[in-house]
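Here is a friendly walk through one structure, contact by contact. Please keep the sequence and the 3D view open as you read.

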Amino acid sequence: MEVKTANKEKKIKQAPTTVSGAEAVIKCLLEEGIDTIYGYPGGAIMPVYDELYKYQDKIHHVLTRHEQGATHAAQGYARVTGKVGVCIATSGPGATNLVTGIADAQIDSTPMVCITGQVGSHLLGSDAFQETDIVGISTPVTKWNYQVTKAEEIPEVLAKAFYIARSGRPGPVLIDITKDAQFATLDFTYKKCAGIRSYKPFPKVNLSEIERAAELINSAKKPMIVFGQGVILGGAEALLQQVVEKAGIPSAWTILGLSAMATDHPLNVGMVGMHGNYGPNVLTNDCDVLIAIGMRFDDRVTGNLEHYAKQAKVIHFEIDPAEIDKNVKAEVAVLGDVKETLQLLLGFLKPKNHDAWHQKFKDLYKIEYDKIINNELNGKEGKLGMAEVIDEINTSSNGDAIIVSDVGQHQMVACRYAKFNKTRSNVTSGGLGTMGFALPAAIGAKMGKPERQVVAIIGDGGYQMTIQELGTIFQTKVPVKIVVLNNGFLGMVRQWQQMFFDKRYASTELINPDFVAIAKGYFIKAKKVTERSELQDAIKEMMDSPEAYFLEVKVEQEENVFPMIPTGASVSDIRLE
Amino acid sequence: MEKKNYTISIYTENNIGLLSRIAAIFLKRHFNIESITVSKSEVKEVMRFIIVVEITEEQVKKIIGQIEKQIEVIRAYYHTDEELIFQETALYKVNSAEFVEDLTIQDFIKETNARIVTVTPKFFVIEKTGKRHEIDNLYDKLKPYGLMQFVRSGKIAVSKNEMPISSILEDFNTININS
Ligand SMILES: Cc1ncc(C[n+]2csc(CCOP(=O)(O)OP(=O)(O)O)c2C)c(N)n1
Ligand SMILES: [Mg+2]
């Protein structure tokens with residue numbers, strides 16, 4: 001009986017109903033399980049907004065204060081939930097304002113669907129008011145894009161958009177819909193996309209490559225794993241941990257791999273790359289087998305490629321065939337979703353430990369600790385340091401918070417010092433390095449995971465790139481915690497000027513406004529800390545606040561981030577000072 | 001690594017935006033496209049791009065990876081000249097006055113298998129299909145006669161080896177019907 005009823009209901013639901021293109025857009029979003037979207041209205045997208053008004057109890061549309069904010073919020077949402085982030089904008093300037101976020105999502109493989117309004121199809125190509133060729137503009141930075149000019153295309157195209165955005169190596173998709181297609185009607189039925197014949201998101205796994213990989217790993221004397229965001233995107237965190245533990249391999253992460261494995265796991269040896277940890281960078285050039293898992297050998301990870309892991313046999317676990325041998329030649333390339341390949345690998349691995357080799361990482365950590373970490377965390381005099389602030393947040397969060405960082409010195413410090421117990425907890429702009437990312441991304445992250453504490457760590461420079469999103473926080477009452485580490489400088493650029501341009505501080509000093517007053521202007525609780533003695537209480541007050549909270553911390557102005565691999569240098573020439 | 005002429009064959013769905021998407025991949029890496037043609041292929045509703053570039057093998061492999069990554073690309077292949085049968089076509093418009101007088105050039109045209117397409121009192125149009133150097137040779141020959149216009153097609157080519165597009169598409173259909 002019950003089954004029958006369900007069937008009946010399903011049938012009724014599937015019978016075509018005549019709706020406008022604009023309503024079809026909303027129905028597609030509902031079919032895809034979307035309940036939160038970010039956007040900004042305008043002429044060419046007004047029909048869709050009119051439908052959003054009608055459907056407001058089903059879809060929460062968050063009005064950001066700038067379309068760039070909408071993209072980063074959608075990214076933050078996607079990064080913490082694994083779902084597709086959705087944003088929506090009008091034609092012309094609305095659409096072009098999305099571009100930075102789209103490029104960011106493309107390079108960091110974030111699933112996102114952007115819907116833009118476009119002038120009526122009869123006006124296309126006439127330089128009509130607010131016409132821009134957003135499909136042309138966004139082509140190099142989207143996984144796929146398409147312009148809809150007929151209402152009846154909408155269901156199939158949006159189904160495809162969501163499928164492409166989330167499958168394989170995820171990425172951003174832009175769908176541009178002309179205004180007449182939004183007004184015209186169609187018979188609506190929806191079928192989720194299950195495949196596209198020219199698109200192979202999941203390469204076939206080749207078992208013999210897995211066996212070869214296992215053989216190399218089993219016979220390795222000094223193996224090292226470097227894992228990236230692929231592990232998170234593939235939902236393979238638990239598998240990674242099993243591999244690491246079974247084979248006893250010291251494991252390091254790229255900035256986007258951070259939080260895929262608990263930071264205090266005994267075999268977690270820290271971050272690789274320009275401002276990563278000393279041990280994993282130096283020992284990259286000492287290991288005999290380098291196992292890269294879901295990472296793409298970005299130049300900020302490898303330093304000079306001529307001197308990168310030349311002694312090692314490289315095994316590359318990767319979903320995207322275009323990444324194989326792109327930067328580093330792989331001895332064994334294991335194509336496929338890491339969730340599948342690591343599972344298979346596990347069966348072939350021999351239980352091992354590599355204590356003596358692991359000890360080398362610990363020895364180098366000791367050097368880094370004595371030279372850098374200890375000074376940054378303890379016994380400092382004078383102005384507060386960035387690391388102390390992150391450490392205080394760790395103490396308060398126990399490693400359970402989602403940390404959203406912006407771009408600059410504070411980002412490197414946040415990623416070096418933040419503690420994580422849970423995956424999908426580190427949200428940062430890795431590949432594009434987009435200043436202004438964190439504040440809106442934190443909004444999306446908190447909406448995606450309302451039960452988690454979300455803390456944004458932002459520099460005084462980047463904060464002012466999307467500071468207008470305080471308006472979104474105020475209006476939606478989303479309880480994000482905002483920490484601005486104010487050093488009065490575009491610190492990361494200033495560090496380079498100090499080290500490589502004889503301290504010529506060209507346009508890096510910031511004369512800043514009263515940040516607390518600005519936050520208060522948006523009716524957000526706010527406080528400023530200048531003394532070490534105030535820090536602990538201030539962080540506690542912020543973390544305990546049930547509402548949004550802004551905390552400005554005045555930090556040492558000319559502190560530098562170390563270790564550092566100067567551009568063009570080898571990973572093993574990483575500098576401690 | 002040595003630079004060479006590589007002919008890239010790309011089988012794609014017929015999609016408006018794809019040409020600029022593919023062109024952008026070359027642009028981004030500063031690879032100069034020597035020639036490009038787009039046409040229907042042997043498979044229904046499937047287009048074929050033929051792009052000629054002079055780059056290294058390592059570069060062409062990476063480019064193929066980037067091209068195949070595009071959603072509407074079914075498959076991309078690359079070949080060296082030895083692995084292909086290929087032709088180009090050129091049209092030469094020459095001044096009738098000079099041309100009519102000269103028998104040696106008319107003989108040359110016959111010998112090289114070029115063809116006179118149109119004759120008017122003012123100009124001749126000659127067509128030549130062949131390898132690039134043959135087309136260039138004829139160009140050099142005709143230049144002194146007052147070449148009024150010259151145009152050369154992109155390279156068209158078929159590979160000696162198979163490019164099994166139909167079976168790739170069939171595989172997709174079977175998988176999707178079964179699942
Ligand atoms: C949109 C954008 N513009 C410029 C840069 C170059 N850039 C990288 S870090 C940085 C300085 C960031 O300053 P701030 O936000 O104060 O952070 P700090 O380094 O001082 O912690 C700049 C300008 C960038 N990454 N993004
Ligand atoms: Mg700063």
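The side chains of N560(A) and Q498(A) are joined by a polar contact of 3.2 Å; a polar contact is a pair of N or O atoms within 3.5 Å, where within protein one must be able to donate a hydrogen and the other to accept it, and residues adjacent in sequence count only if both atoms are side-chain atoms. This is a predicted model, in which local features need pLDDT of at least 70, side-chain atom pairs count only at pLDDT 80 or more, and totals for chains, interfaces and linings use all residues. Residues are numbered from 1 along each chain as its sequence is written, chains are lettered from A and ligands numbered from 1 in the order in which they are written, and side-chain values use heavy atoms, with hydrogens and water left out.

N560(A) also reaches R494(A), side chain to side chain, through a polar contact of 2.8 Å. You will find N560(A) in the segment after β20 (549-554) of chain A; helices (H or I, at least four residues) and strands (E, at least two) are DSSP runs, numbered from the N terminus. With a relative accessible area of 17%, N560(A) is buried; buried means under 20% relative accessible area, exposed over 50%, and partly exposed in between (1.4 Å probe, protein chains only). Apart from neighbours within four places in sequence, its contacts (heavy atoms within 4.5 Å) are E376(A), Q409(A), R494(A), Q495(A) and Q498(A).

R494(A) has a charged partner too. Its side chain meets that of E558(A) in a salt bridge of 4.0 Å, N to O; a salt bridge is a side-chain nitrogen of Lys or Arg within 4 Å of a carboxyl oxygen of Asp or Glu. E558(A) lies in the segment after β20 of chain A and R494(A) in helix α22 of chain A, so this pair ties together parts 64 residues apart in sequence. R494(A) is buried, at 0% relative accessible area, while E558(A) is partly exposed at 35%.

Over all chains, the structure holds 30 salt bridges. Three of them are listed here.

| Pair | N to O distance |
|---|---|
| K69(B) and D320(A) | 2.7 Å |
| E577(A) and K371(A) | 3.9 Å |
| E558(A) and R494(A) | 4.0 Å |

Which pair joins two chains? K69(B) lies in the loop between α2 (57-68) and β4 (73-79) of chain B, and D320(A) in the loop between β13 (313-318) and β14 (332-335) of chain A, so this pair does. K69(B) is partly exposed at 33% relative accessibility, whereas D320(A) is buried at 6%. Through shared partners, salt bridges join R169(A), D320(A), E323(A), K326(A) and K69(B) into one network.

Now for the metal. D460(A) (OD), N487(A) (OD1) and F489(A) (O) coordinate the magnesium ion (ligand 2) at 2.0 to 2.2 Å; donors are N, O and S atoms within 2.8 Å of the metal (3.2 Å for Na, K and Ca), and sites may look incomplete because water is not among the atoms. D460(A) lies in helix α20 (residues 460-463) and F489(A) in the loop between β18 (481-486) and α22 (491-500), both of chain A, so the pair ties together parts 29 residues apart in sequence. Both D460(A) and F489(A) are buried.

Finally, helix α19 (residues 438-448) of chain A is largely enclosed by the rest of the structure, because 11 of its 11 residues are buried.
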